[in-house]
2 protein chains.
Amino acid sequence: MNEQNTHRIRIDLAYDGTPYHGWATQPGLPTVQEAVEAGLATILRQAVNVTVAGRTDAGVHAANQVIHCDVEQTQWQNLMGNRRTRPPEQALVSKLNGVLARQAGAIRILAAEVVPQGFDARFSPISRQYRYRINNGTPDPLTRHFTYQHRRPLSFETMADEIADIQGFYDFGSFCKPRAGATTLRTLHRFDLDVTQECVNVWLAADAFCHHMVRALVGALVQVGDGTRPQGWLQERLANPVRDSHMMLAPALGLILDSVTYPSYDEVTKRAQQTRAKRAPTCWSCD
Amino acid sequence: MNEQNTHRIRIDLAYDGTPYHGWATQPGLPTVQEAVEAGLATILRQAVNVTVAGRTDAGVHAANQVIHCDVEQTQWQNLMGNRRTRPPEQALVSKLNGVLARQAGAIRILAAEVVPQGFDARFSPISRQYRYRINNGTPDPLTRHFTYQHRRPLSFETMADEIADIQGFYDFGSFCKPRAGATTLRTLHRFDLDVTQECVNVWLAADAFCHHMVRALVGALVQVGDGTRPQGWLQERLANPVRDSHMMLAPALGLILDSVTYPSYDEVTKRAQQTRAKRAPTCWSCD
(Lines give C-alpha, C1' and ligand atoms only; values in the text may rest on other atoms or scores of the structure.)
Protein backbone atom coordinates (compact mmCIF):
# COMPACT_ATOMS: atom_id res chain seq x y z
CA MET A 1 0.00 0.00 0.00
CA ASN A 2 1.38 3.37 -0.99
CA GLU A 3 1.48 5.73 1.98
CA GLN A 4 0.51 8.68 -0.21
CA ASN A 5 -2.74 6.99 -1.24
CA THR A 6 -3.80 6.05 2.28
CA HIS A 7 -5.13 7.67 5.40
CA ARG A 8 -3.92 6.52 8.79
CA ILE A 9 -7.02 5.98 10.93
CA ARG A 10 -7.16 5.84 14.71
CA ILE A 11 -10.05 3.85 16.15
CA ASP A 12 -11.05 3.79 19.84
CA LEU A 13 -13.02 0.81 21.08
CA ALA A 14 -14.26 -0.99 24.21
CA TYR A 15 -14.80 -4.70 24.71
CA ASP A 16 -15.85 -7.41 27.07
CA GLY A 17 -12.99 -9.91 26.84
CA THR A 18 -15.06 -12.83 28.20
CA PRO A 19 -16.00 -14.46 24.87
CA TYR A 20 -12.53 -14.02 23.29
CA HIS A 21 -9.15 -15.69 23.44
CA GLY A 22 -7.51 -12.32 23.96
CA TRP A 23 -6.74 -9.56 21.50
CA ALA A 24 -4.32 -11.14 19.05
CA THR A 25 -5.48 -13.30 16.16
CA GLN A 26 -5.06 -17.04 16.73
CA PRO A 27 -6.01 -19.55 14.05
CA GLY A 28 -9.38 -21.14 14.75
CA LEU A 29 -10.10 -19.16 17.93
CA PRO A 30 -12.36 -16.12 18.38
CA THR A 31 -10.27 -13.04 19.17
CA VAL A 32 -11.05 -9.32 19.29
CA GLN A 33 -8.51 -8.51 16.58
CA GLU A 34 -9.97 -11.08 14.21
CA ALA A 35 -13.51 -9.73 14.78
CA VAL A 36 -12.48 -6.10 14.27
CA GLU A 37 -10.33 -6.80 11.19
CA ALA A 38 -13.13 -8.87 9.64
CA GLY A 39 -15.60 -6.05 10.35
CA LEU A 40 -13.29 -3.46 8.77
CA ALA A 41 -12.74 -5.68 5.73
CA THR A 42 -16.51 -5.95 5.29
CA ILE A 43 -17.22 -2.23 5.36
CA LEU A 44 -14.04 -1.11 3.52
CA ARG A 45 -13.93 -3.92 0.95
CA GLN A 46 -10.17 -4.29 1.46
CA ALA A 47 -8.05 -6.46 3.76
CA VAL A 48 -7.12 -4.47 6.87
CA ASN A 49 -4.33 -5.05 9.36
CA VAL A 50 -4.64 -3.19 12.63
CA THR A 51 -1.99 -2.29 15.20
CA VAL A 52 -3.07 -2.18 18.82
CA ALA A 53 -1.98 -0.07 21.81
CA GLY A 54 -2.21 -2.87 24.39
CA ARG A 55 -2.43 -6.54 23.48
CA THR A 56 -4.79 -7.93 26.08
CA ASP A 57 -4.68 -11.54 27.34
CA ALA A 58 -7.62 -13.92 27.11
CA GLY A 59 -10.40 -12.71 29.42
CA VAL A 60 -8.98 -9.17 29.84
CA HIS A 61 -11.35 -6.30 28.97
CA ALA A 62 -10.95 -2.79 27.59
CA ALA A 63 -12.86 0.38 28.45
CA ASN A 64 -10.78 2.29 25.93
CA GLN A 65 -8.42 0.46 23.63
CA VAL A 66 -6.78 2.20 20.66
CA ILE A 67 -5.82 0.78 17.27
CA HIS A 68 -4.61 2.23 14.00
CA CYS A 69 -4.86 1.03 10.43
CA ASP A 70 -4.27 2.38 6.95
CA VAL A 71 -7.19 2.85 4.61
CA GLU A 72 -7.02 3.67 0.90
CA GLN A 73 -8.27 7.18 0.27
CA THR A 74 -10.85 5.97 -2.24
CA GLN A 75 -12.30 3.48 0.24
CA TRP A 76 -12.29 6.15 2.91
CA GLN A 77 -14.35 8.48 0.71
CA ASN A 78 -16.64 5.62 -0.31
CA LEU A 79 -17.65 5.19 3.34
CA MET A 80 -19.85 8.25 2.95
CA GLY A 81 -21.97 6.58 0.28
CA ASN A 82 -23.66 8.43 -2.56
CA ARG A 83 -25.70 10.74 -0.37
CA ARG A 84 -22.65 12.01 1.56
CA THR A 85 -24.82 12.94 4.52
CA ARG A 86 -22.14 12.28 7.12
CA PRO A 87 -18.35 12.43 7.28
CA PRO A 88 -16.36 9.18 6.81
CA GLU A 89 -15.34 9.11 10.52
CA GLN A 90 -18.95 8.97 11.62
CA ALA A 91 -19.86 6.50 8.87
CA LEU A 92 -17.05 4.18 9.94
CA VAL A 93 -18.14 4.13 13.59
CA SER A 94 -21.74 3.52 12.68
CA LYS A 95 -21.09 0.88 9.99
CA LEU A 96 -18.47 -0.96 12.02
CA ASN A 97 -20.79 -1.12 15.04
CA GLY A 98 -23.41 -2.40 12.63
CA VAL A 99 -21.36 -5.34 11.40
CA LEU A 100 -20.04 -5.99 14.93
CA ALA A 101 -23.63 -6.43 16.15
CA ARG A 102 -23.08 -10.14 15.52
CA GLN A 103 -20.63 -10.01 18.46
CA ALA A 104 -23.70 -9.47 20.68
CA GLY A 105 -22.53 -6.14 22.06
CA ALA A 106 -19.18 -7.47 23.32
CA ILE A 107 -17.24 -5.03 21.12
CA ARG A 108 -18.16 -1.36 20.78
CA ILE A 109 -16.49 1.15 18.48
CA LEU A 110 -16.30 4.50 20.29
CA ALA A 111 -14.62 6.86 17.82
CA ALA A 112 -12.60 7.10 14.61
CA GLU A 113 -10.41 9.85 13.20
CA VAL A 114 -7.76 10.55 10.59
CA VAL A 115 -4.38 11.01 12.29
CA PRO A 116 -0.88 11.92 11.05
CA GLN A 117 0.99 9.11 9.25
CA GLY A 118 3.49 9.11 12.12
CA PHE A 119 0.84 8.13 14.66
CA ASP A 120 1.41 4.59 15.90
CA ALA A 121 -1.16 3.08 18.27
CA ARG A 122 1.52 0.88 19.82
CA PHE A 123 4.64 3.02 19.85
CA SER A 124 3.27 6.55 20.29
CA PRO A 125 1.61 6.27 23.75
CA ILE A 126 2.94 8.29 26.68
CA SER A 127 0.96 6.22 29.14
CA ARG A 128 -1.35 3.23 29.51
CA GLN A 129 -3.69 2.93 32.45
CA TYR A 130 -5.19 -0.29 33.77
CA ARG A 131 -7.86 -0.91 36.38
CA TYR A 132 -8.09 -4.17 38.32
CA ARG A 133 -11.39 -4.97 40.10
CA ILE A 134 -11.38 -7.13 43.24
CA ASN A 135 -14.43 -8.23 45.21
CA ASN A 136 -13.67 -9.38 48.74
CA GLY A 137 -17.32 -9.58 49.86
CA THR A 138 -20.29 -11.62 48.68
CA PRO A 139 -19.84 -12.85 45.12
CA ASP A 140 -21.98 -10.81 42.72
CA PRO A 141 -23.40 -12.77 39.77
CA LEU A 142 -23.82 -9.57 37.72
CA THR A 143 -20.21 -8.41 37.88
CA ARG A 144 -18.57 -11.85 37.95
CA HIS A 145 -17.16 -11.64 34.42
CA PHE A 146 -15.11 -8.53 35.17
CA THR A 147 -14.30 -8.76 38.87
CA TYR A 148 -11.88 -11.09 40.62
CA GLN A 149 -13.41 -12.73 43.69
CA HIS A 150 -10.79 -13.12 46.44
CA ARG A 151 -11.90 -15.50 49.18
CA ARG A 152 -9.47 -14.76 52.01
CA PRO A 153 -10.07 -11.48 53.88
CA LEU A 154 -8.00 -8.59 52.53
CA SER A 155 -6.72 -5.58 54.43
CA PHE A 156 -7.19 -2.70 52.00
CA GLU A 157 -5.23 -0.46 54.37
CA THR A 158 -2.23 -2.78 54.24
CA MET A 159 -2.53 -2.92 50.47
CA ALA A 160 -2.67 0.87 50.15
CA ASP A 161 0.38 1.20 52.42
CA GLU A 162 2.27 -1.42 50.43
CA ILE A 163 2.09 0.58 47.20
CA ALA A 164 2.13 4.12 48.60
CA ASP A 165 5.81 4.60 47.70
CA ILE A 166 5.98 2.55 44.53
CA GLN A 167 6.13 5.00 41.67
CA GLY A 168 8.80 5.88 39.13
CA PHE A 169 11.52 4.04 37.26
CA TYR A 170 12.16 0.39 38.19
CA ASP A 171 13.39 -2.87 36.80
CA PHE A 172 10.23 -4.99 36.83
CA GLY A 173 12.14 -8.21 36.13
CA SER A 174 10.37 -9.93 39.07
CA PHE A 175 6.99 -9.20 37.53
CA CYS A 176 7.58 -9.82 33.83
CA LYS A 177 7.46 -12.87 31.66
CA PRO A 178 11.03 -12.85 30.37
CA ARG A 179 11.83 -12.35 26.69
CA ALA A 180 15.39 -12.73 25.48
CA GLY A 181 16.95 -9.32 24.93
CA ALA A 182 13.90 -7.33 26.01
CA THR A 183 14.24 -4.70 28.70
CA THR A 184 12.11 -4.90 31.83
CA LEU A 185 12.73 -1.26 32.77
CA ARG A 186 9.52 0.74 32.99
CA THR A 187 8.28 3.95 34.57
CA LEU A 188 5.23 3.51 36.76
CA HIS A 189 3.14 6.71 36.86
CA ARG A 190 0.39 5.46 39.12
CA PHE A 191 -0.18 2.58 41.53
CA ASP A 192 -2.99 3.13 44.02
CA LEU A 193 -6.41 1.85 44.96
CA ASP A 194 -9.86 3.06 45.85
CA VAL A 195 -12.59 1.19 47.66
CA THR A 196 -16.17 1.46 46.39
CA GLN A 197 -19.33 -0.20 47.61
CA GLU A 198 -19.05 -2.69 44.80
CA CYS A 199 -15.34 -3.55 44.67
CA VAL A 200 -11.76 -2.45 45.20
CA ASN A 201 -10.18 -0.82 42.16
CA VAL A 202 -6.42 -1.09 41.83
CA TRP A 203 -5.14 1.50 39.34
CA LEU A 204 -1.85 1.19 37.48
CA ALA A 205 -0.41 3.51 34.84
CA ALA A 206 2.98 3.31 33.16
CA ASP A 207 4.73 4.36 29.99
CA ALA A 208 4.32 0.72 29.00
CA PHE A 209 3.89 -2.66 30.67
CA CYS A 210 5.77 -5.90 30.10
CA HIS A 211 3.78 -9.05 29.41
CA HIS A 212 1.85 -10.13 32.54
CA MET A 213 3.28 -7.20 34.55
CA VAL A 214 -0.05 -5.74 35.73
CA ARG A 215 -1.42 -9.11 36.78
CA ALA A 216 1.87 -10.02 38.52
CA LEU A 217 1.92 -6.74 40.49
CA VAL A 218 -1.74 -7.12 41.52
CA GLY A 219 -1.13 -10.80 42.37
CA ALA A 220 1.73 -9.84 44.69
CA LEU A 221 -0.34 -7.03 46.22
CA VAL A 222 -3.22 -9.41 46.97
CA GLN A 223 -0.79 -11.80 48.67
CA VAL A 224 0.35 -8.97 50.95
CA GLY A 225 -3.28 -7.96 51.52
CA ASP A 226 -4.35 -11.39 52.76
CA GLY A 227 -1.19 -11.96 54.81
CA THR A 228 0.34 -14.69 52.61
CA ARG A 229 3.34 -12.41 52.12
CA PRO A 230 4.81 -9.89 54.57
CA GLN A 231 4.47 -6.16 54.17
CA GLY A 232 7.28 -4.73 52.09
CA TRP A 233 7.21 -7.77 49.78
CA LEU A 234 6.71 -5.70 46.61
CA GLN A 235 9.61 -3.35 47.42
CA GLU A 236 11.80 -6.37 48.11
CA ARG A 237 10.94 -7.95 44.80
CA LEU A 238 11.58 -4.66 43.00
CA ALA A 239 14.99 -4.44 44.65
CA ASN A 240 15.83 -7.98 43.45
CA PRO A 241 14.49 -8.13 39.92
CA VAL A 242 14.59 -11.85 39.20
CA ARG A 243 11.64 -13.81 37.95
CA ASP A 244 11.07 -16.84 40.15
CA SER A 245 8.41 -19.27 41.29
CA HIS A 246 6.97 -16.77 43.82
CA MET A 247 5.03 -14.98 41.14
CA MET A 248 1.27 -15.34 41.24
CA LEU A 249 -0.74 -13.80 38.42
CA ALA A 250 -4.05 -12.22 39.40
CA PRO A 251 -6.78 -13.76 37.20
CA ALA A 252 -7.28 -12.11 33.82
CA LEU A 253 -11.01 -11.48 34.22
CA GLY A 254 -10.52 -8.65 36.79
CA LEU A 255 -8.33 -6.61 34.46
CA ILE A 256 -9.57 -3.71 32.32
CA LEU A 257 -7.44 -1.56 30.01
CA ASP A 258 -8.81 1.80 31.13
CA SER A 259 -7.16 4.30 28.79
CA VAL A 260 -4.20 5.05 26.56
CA THR A 261 -2.68 8.54 26.44
CA TYR A 262 -0.91 9.93 23.38
CA PRO A 263 1.13 13.10 22.95
CA SER A 264 -0.29 15.88 20.77
CA TYR A 265 -0.43 14.82 17.14
CA ASP A 266 2.51 17.15 16.40
CA GLU A 267 4.65 15.03 18.68
CA VAL A 268 3.47 11.48 17.89
CA THR A 269 5.92 10.71 15.10
CA LYS A 270 8.91 11.65 17.25
CA ARG A 271 7.58 9.66 20.18
CA ALA A 272 7.01 6.53 18.08
CA GLN A 273 10.56 6.68 16.70
CA GLN A 274 12.06 7.04 20.19
CA THR A 275 10.03 4.16 21.62
CA ARG A 276 10.75 1.85 18.72
CA ALA A 277 14.48 2.46 19.10
CA LYS A 278 14.33 1.72 22.83
CA ARG A 279 12.17 -1.41 22.85
CA ALA A 280 12.17 -3.10 19.47
CA PRO A 281 12.81 -5.48 17.90
CA THR A 282 12.68 -8.17 20.59
CA CYS A 283 9.97 -6.90 22.87
CA TRP A 284 7.00 -7.74 20.70
CA SER A 285 4.88 -8.69 23.68
CA CYS A 286 5.66 -5.66 25.80
CA ASP A 287 2.97 -3.04 25.36
CA MET B 1 -45.28 -33.74 53.98
CA ASN B 2 -46.25 -33.43 57.62
CA GLU B 3 -45.67 -29.89 58.88
CA GLN B 4 -44.51 -31.20 62.26
CA ASN B 5 -41.69 -33.18 60.68
CA THR B 6 -40.40 -30.33 58.55
CA HIS B 7 -38.49 -27.10 58.93
CA ARG B 8 -39.47 -24.09 56.88
CA ILE B 9 -36.28 -22.70 55.36
CA ARG B 10 -35.74 -19.21 54.00
CA ILE B 11 -33.03 -18.90 51.37
CA ASP B 12 -31.64 -15.61 50.02
CA LEU B 13 -30.02 -15.64 46.61
CA ALA B 14 -28.71 -13.44 43.79
CA TYR B 15 -28.69 -14.18 40.08
CA ASP B 16 -27.79 -12.94 36.66
CA GLY B 17 -30.99 -13.50 34.69
CA THR B 18 -29.24 -13.42 31.29
CA PRO B 19 -28.94 -17.19 30.72
CA TYR B 20 -32.45 -18.01 32.02
CA HIS B 21 -36.00 -17.86 30.75
CA GLY B 22 -37.05 -16.11 33.93
CA TRP B 23 -37.67 -17.45 37.40
CA ALA B 24 -40.56 -19.87 36.95
CA THR B 25 -40.05 -23.43 35.72
CA GLN B 26 -40.97 -23.97 32.07
CA PRO B 27 -40.70 -27.38 30.46
CA GLY B 28 -37.53 -27.72 28.40
CA LEU B 29 -36.18 -24.24 29.17
CA PRO B 30 -33.47 -23.24 31.64
CA THR B 31 -34.98 -21.23 34.50
CA VAL B 32 -33.65 -20.12 37.86
CA GLN B 33 -36.33 -22.02 39.77
CA GLU B 34 -35.53 -25.26 37.98
CA ALA B 35 -31.79 -24.86 38.67
CA VAL B 36 -32.32 -24.07 42.37
CA GLU B 37 -34.87 -26.85 42.93
CA ALA B 38 -32.61 -29.35 41.17
CA GLY B 39 -29.69 -28.22 43.34
CA LEU B 40 -31.75 -28.55 46.53
CA ALA B 41 -32.96 -32.00 45.47
CA THR B 42 -29.34 -33.09 44.97
CA ILE B 43 -28.09 -31.98 48.37
CA LEU B 44 -31.23 -32.90 50.35
CA ARG B 45 -32.06 -36.14 48.53
CA GLN B 46 -35.73 -35.21 48.42
CA ALA B 47 -37.90 -33.41 45.88
CA VAL B 48 -38.16 -29.72 46.85
CA ASN B 49 -40.72 -27.12 45.79
CA VAL B 50 -39.78 -23.54 46.45
CA THR B 51 -41.97 -20.44 46.75
CA VAL B 52 -40.46 -17.16 45.59
CA ALA B 53 -40.91 -13.54 46.72
CA GLY B 54 -40.80 -12.01 43.23
CA ARG B 55 -41.24 -14.02 40.05
CA THR B 56 -38.83 -12.36 37.65
CA ASP B 57 -39.36 -12.25 33.88
CA ALA B 58 -36.84 -13.62 31.38
CA GLY B 59 -33.68 -11.52 31.51
CA VAL B 60 -34.49 -9.83 34.84
CA HIS B 61 -31.84 -10.13 37.57
CA ALA B 62 -31.85 -10.31 41.36
CA ALA B 63 -29.41 -8.83 43.84
CA ASN B 64 -31.44 -10.30 46.69
CA GLN B 65 -34.28 -12.65 45.95
CA VAL B 66 -35.98 -14.67 48.73
CA ILE B 67 -37.51 -18.14 48.57
CA HIS B 68 -38.87 -20.60 51.11
CA CYS B 69 -39.19 -24.36 51.10
CA ASP B 70 -39.95 -27.12 53.56
CA VAL B 71 -37.27 -29.63 54.43
CA GLU B 72 -37.74 -32.85 56.42
CA GLN B 73 -36.06 -32.55 59.80
CA THR B 74 -33.98 -35.67 59.20
CA GLN B 75 -32.65 -34.32 55.90
CA TRP B 76 -31.96 -30.98 57.55
CA GLN B 77 -29.85 -32.65 60.23
CA ASN B 78 -28.12 -34.84 57.63
CA LEU B 79 -26.80 -31.70 55.93
CA MET B 80 -24.22 -31.45 58.71
CA GLY B 81 -22.67 -34.80 57.77
CA ASN B 82 -21.05 -37.15 60.26
CA ARG B 83 -18.49 -34.70 61.53
CA ARG B 84 -21.06 -32.03 62.40
CA THR B 85 -18.46 -29.29 62.11
CA ARG B 86 -20.91 -26.65 60.92
CA PRO B 87 -24.60 -25.89 61.42
CA PRO B 88 -27.08 -27.02 58.73
CA GLU B 89 -27.70 -23.40 57.57
CA GLN B 90 -24.04 -22.96 56.71
CA ALA B 91 -23.81 -26.45 55.17
CA LEU B 92 -26.80 -25.71 52.94
CA VAL B 93 -25.33 -22.45 51.61
CA SER B 94 -21.99 -24.04 50.94
CA LYS B 95 -23.31 -27.27 49.38
CA LEU B 96 -25.93 -25.52 47.29
CA ASN B 97 -23.34 -23.09 45.92
CA GLY B 98 -21.21 -26.15 45.21
CA VAL B 99 -23.82 -27.89 43.06
CA LEU B 100 -24.81 -24.55 41.45
CA ALA B 101 -21.21 -24.11 40.27
CA ARG B 102 -22.37 -25.73 37.03
CA GLN B 103 -24.43 -22.54 36.47
CA ALA B 104 -21.07 -20.76 35.94
CA GLY B 105 -21.60 -18.27 38.75
CA ALA B 106 -24.93 -16.99 37.45
CA ILE B 107 -26.72 -18.02 40.67
CA ARG B 108 -25.31 -17.36 44.12
CA ILE B 109 -26.84 -18.51 47.41
CA LEU B 110 -26.32 -15.76 49.99
CA ALA B 111 -27.90 -17.11 53.20
CA ALA B 112 -30.21 -19.74 54.65
CA GLU B 113 -32.11 -19.90 57.93
CA VAL B 114 -34.91 -21.75 59.70
CA VAL B 115 -37.98 -19.49 59.94
CA PRO B 116 -41.42 -19.86 61.56
CA GLN B 117 -43.88 -22.12 59.70
CA GLY B 118 -46.01 -19.04 59.04
CA PHE B 119 -43.27 -17.35 57.02
CA ASP B 120 -44.20 -17.17 53.36
CA ALA B 121 -41.64 -15.79 50.91
CA ARG B 122 -44.42 -14.60 48.61
CA PHE B 123 -47.17 -13.45 50.95
CA SER B 124 -45.26 -12.16 54.00
CA PRO B 125 -43.27 -9.25 52.46
CA ILE B 126 -43.94 -5.69 53.55
CA SER B 127 -42.04 -4.31 50.60
CA ARG B 128 -40.19 -5.21 47.43
CA GLN B 129 -37.60 -2.90 45.96
CA TYR B 130 -36.45 -2.86 42.33
CA ARG B 131 -33.64 -1.00 40.63
CA TYR B 132 -33.69 -0.19 36.92
CA ARG B 133 -30.38 0.72 35.24
CA ILE B 134 -30.36 3.03 32.21
CA ASN B 135 -27.33 4.08 30.21
CA ASN B 136 -27.85 7.17 28.07
CA GLY B 137 -24.17 7.62 27.14
CA THR B 138 -21.69 5.44 25.27
CA PRO B 139 -22.73 1.76 25.31
CA ASP B 140 -20.57 -0.18 27.77
CA PRO B 141 -19.80 -3.77 26.72
CA LEU B 142 -19.12 -4.79 30.33
CA THR B 143 -22.48 -3.75 31.77
CA ARG B 144 -24.60 -4.47 28.69
CA HIS B 145 -26.33 -7.52 30.19
CA PHE B 146 -27.80 -5.55 33.09
CA THR B 147 -28.22 -2.02 31.75
CA TYR B 148 -30.76 -0.71 29.27
CA GLN B 149 -29.17 1.44 26.58
CA HIS B 150 -31.49 4.30 25.61
CA ARG B 151 -30.46 5.99 22.36
CA ARG B 152 -32.40 9.25 22.42
CA PRO B 153 -31.12 11.92 24.82
CA LEU B 154 -32.86 11.83 28.22
CA SER B 155 -33.44 14.74 30.57
CA PHE B 156 -32.84 13.25 34.01
CA GLU B 157 -34.15 16.45 35.57
CA THR B 158 -37.47 16.09 33.76
CA MET B 159 -37.61 12.44 34.80
CA ALA B 160 -36.93 13.27 38.45
CA ASP B 161 -39.64 15.99 38.36
CA GLU B 162 -42.11 13.61 36.75
CA ILE B 163 -41.99 11.14 39.62
CA ALA B 164 -41.35 13.53 42.52
CA ASP B 165 -44.98 13.42 43.67
CA ILE B 166 -45.81 9.83 42.77
CA GLN B 167 -45.91 7.90 45.99
CA GLY B 168 -48.67 6.18 47.93
CA PHE B 169 -51.83 4.28 47.10
CA TYR B 170 -52.90 4.15 43.43
CA ASP B 171 -54.75 2.04 40.94
CA PHE B 172 -51.97 0.92 38.60
CA GLY B 173 -54.41 -0.40 36.00
CA SER B 174 -52.60 1.56 33.26
CA PHE B 175 -49.34 -0.18 34.10
CA CYS B 176 -50.43 -3.76 34.75
CA LYS B 177 -51.00 -6.74 32.54
CA PRO B 178 -54.65 -7.38 33.37
CA ARG B 179 -55.77 -10.59 35.09
CA ALA B 180 -59.46 -11.28 35.52
CA GLY B 181 -60.53 -10.55 39.07
CA ALA B 182 -57.11 -9.40 40.29
CA THR B 183 -56.77 -6.01 41.93
CA THR B 184 -54.35 -3.46 40.51
CA LEU B 185 -54.31 -1.36 43.69
CA ARG B 186 -50.83 -1.05 45.14
CA THR B 187 -48.95 1.22 47.52
CA LEU B 188 -45.77 2.69 46.07
CA HIS B 189 -43.23 3.43 48.83
CA ARG B 190 -40.49 4.77 46.63
CA PHE B 191 -40.08 6.07 43.09
CA ASP B 192 -36.97 8.15 42.51
CA LEU B 193 -33.69 8.12 40.64
CA ASP B 194 -30.02 8.80 41.11
CA VAL B 195 -27.42 9.52 38.47
CA THR B 196 -24.01 7.88 38.76
CA GLN B 197 -21.01 8.04 36.46
CA GLU B 198 -21.98 4.67 35.05
CA CYS B 199 -25.77 4.85 34.68
CA VAL B 200 -29.06 6.24 35.93
CA ASN B 201 -30.70 4.10 38.61
CA VAL B 202 -34.47 4.30 38.87
CA TRP B 203 -35.62 2.93 42.24
CA LEU B 204 -39.10 1.59 42.90
CA ALA B 205 -40.45 0.03 46.09
CA ALA B 206 -44.02 -1.09 46.79
CA ASP B 207 -45.93 -3.50 48.99
CA ALA B 208 -46.17 -5.59 45.83
CA PHE B 209 -46.06 -5.12 42.07
CA CYS B 210 -48.47 -6.36 39.42
CA HIS B 211 -47.09 -8.25 36.46
CA HIS B 212 -44.98 -5.92 34.24
CA MET B 213 -45.73 -2.94 36.51
CA VAL B 214 -42.11 -1.90 37.14
CA ARG B 215 -41.17 -2.15 33.48
CA ALA B 216 -44.32 -0.26 32.42
CA LEU B 217 -43.66 2.58 34.89
CA VAL B 218 -40.02 2.88 33.80
CA GLY B 219 -41.08 2.65 30.15
CA ALA B 220 -43.47 5.56 30.60
CA LEU B 221 -40.85 7.54 32.53
CA VAL B 222 -38.30 7.08 29.75
CA GLN B 223 -40.85 8.35 27.21
CA VAL B 224 -41.29 11.51 29.26
CA GLY B 225 -37.50 11.79 29.65
CA ASP B 226 -36.85 11.77 25.90
CA GLY B 227 -39.82 13.99 25.03
CA THR B 228 -41.97 11.33 23.34
CA ARG B 229 -44.62 12.02 25.97
CA PRO B 230 -45.41 15.32 27.71
CA GLN B 231 -44.57 16.03 31.32
CA GLY B 232 -47.35 14.92 33.63
CA TRP B 233 -48.00 11.83 31.51
CA LEU B 234 -47.53 9.40 34.41
CA GLN B 235 -49.92 11.31 36.67
CA GLU B 236 -52.45 11.37 33.85
CA ARG B 237 -52.22 7.62 33.32
CA LEU B 238 -52.56 7.05 37.07
CA ALA B 239 -55.69 9.19 37.12
CA ASN B 240 -57.19 7.11 34.26
CA PRO B 241 -56.28 3.55 35.11
CA VAL B 242 -57.00 1.76 31.87
CA ARG B 243 -54.54 -0.47 30.10
CA ASP B 244 -54.20 0.61 26.48
CA SER B 245 -51.83 0.54 23.53
CA HIS B 246 -49.75 3.43 24.92
CA MET B 247 -47.87 1.16 27.25
CA MET B 248 -44.22 0.57 26.48
CA LEU B 249 -42.35 -1.92 28.62
CA ALA B 250 -38.75 -1.02 29.45
CA PRO B 251 -36.54 -3.98 28.41
CA ALA B 252 -36.17 -6.74 30.99
CA LEU B 253 -32.36 -6.73 31.06
CA GLY B 254 -32.15 -3.38 32.94
CA LEU B 255 -34.24 -4.61 35.85
CA ILE B 256 -32.83 -5.94 39.13
CA LEU B 257 -34.85 -7.12 42.12
CA ASP B 258 -32.88 -5.27 44.76
CA SER B 259 -34.38 -6.45 48.05
CA VAL B 260 -37.43 -7.86 49.78
CA THR B 261 -38.41 -6.68 53.27
CA TYR B 262 -40.29 -8.87 55.73
CA PRO B 263 -41.88 -8.00 59.06
CA SER B 264 -40.31 -9.42 62.22
CA TYR B 265 -40.75 -13.18 62.38
CA ASP B 266 -43.36 -12.73 65.14
CA GLU B 267 -45.51 -10.90 62.63
CA VAL B 268 -44.98 -12.89 59.43
CA THR B 269 -47.82 -15.38 59.85
CA LYS B 270 -50.38 -12.62 60.37
CA ARG B 271 -49.05 -10.66 57.41
CA ALA B 272 -49.17 -13.67 55.08
CA GLN B 273 -52.78 -14.36 56.02
CA GLN B 274 -53.82 -10.76 55.40
CA THR B 275 -52.10 -10.58 52.03
CA ARG B 276 -53.45 -13.91 50.87
CA ALA B 277 -57.01 -12.78 51.71
CA LYS B 278 -56.54 -9.53 49.82
CA ARG B 279 -54.88 -10.79 46.63
CA ALA B 280 -55.50 -14.50 46.14
CA PRO B 281 -56.63 -16.61 44.46
CA THR B 282 -56.63 -14.93 41.07
CA CYS B 283 -53.49 -12.83 41.22
CA TRP B 284 -50.95 -15.60 40.75
CA SER B 285 -48.69 -13.38 38.70
CA CYS B 286 -48.79 -10.34 40.98
CA ASP B 287 -45.81 -10.37 43.32
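Of the 287 residues of chain A, 54% count as buried, a term that denotes under 20% relative accessible area, with exposed set at over 50% and partly exposed in between, for a 1.4 Å probe and protein chains only. The structure is a predicted model, in which local features need pLDDT of at least 70 and side-chain atom pairs count only at pLDDT 80 or more, whereas totals for chains, interfaces and linings use all residues. Residues are numbered from 1 along each chain as its sequence is written, chains are lettered from A and ligands numbered from 1 in the order in which they are written, and side-chain values use heavy atoms, with hydrogens and water left out.

Chain A holds seven helices and 10 strands, these being DSSP runs (H or I, at least four residues, for helices; E, at least two, for strands) numbered from the N terminus. Where contact means heavy atoms within 4.5 Å, residues 24 or more positions apart account for 72% of the contacts in chain A with a separation of 6 or more.

Chain A can be laid on chain B with an RMSD of 0.0 Å by a turn of 180 degrees and a shift of 0.0 Å along the axis, and the two copies are thus related as by a two-fold rotation axis. This superposition is by least squares on the C-alpha atoms of residues with pLDDT of at least 70 in both copies. The copies meet through the same surface, because 100% of the interface residues of chain A are also interface residues in chain B.

In chain B, the buried residues of helix 3 (residues 88–99) include B:Leu92 and B:Leu96, and the buried residues of this helix pack against strand 1 (6–15), helix 1 (32–44), helix 2 (73–78) and strand 4 (107–115).
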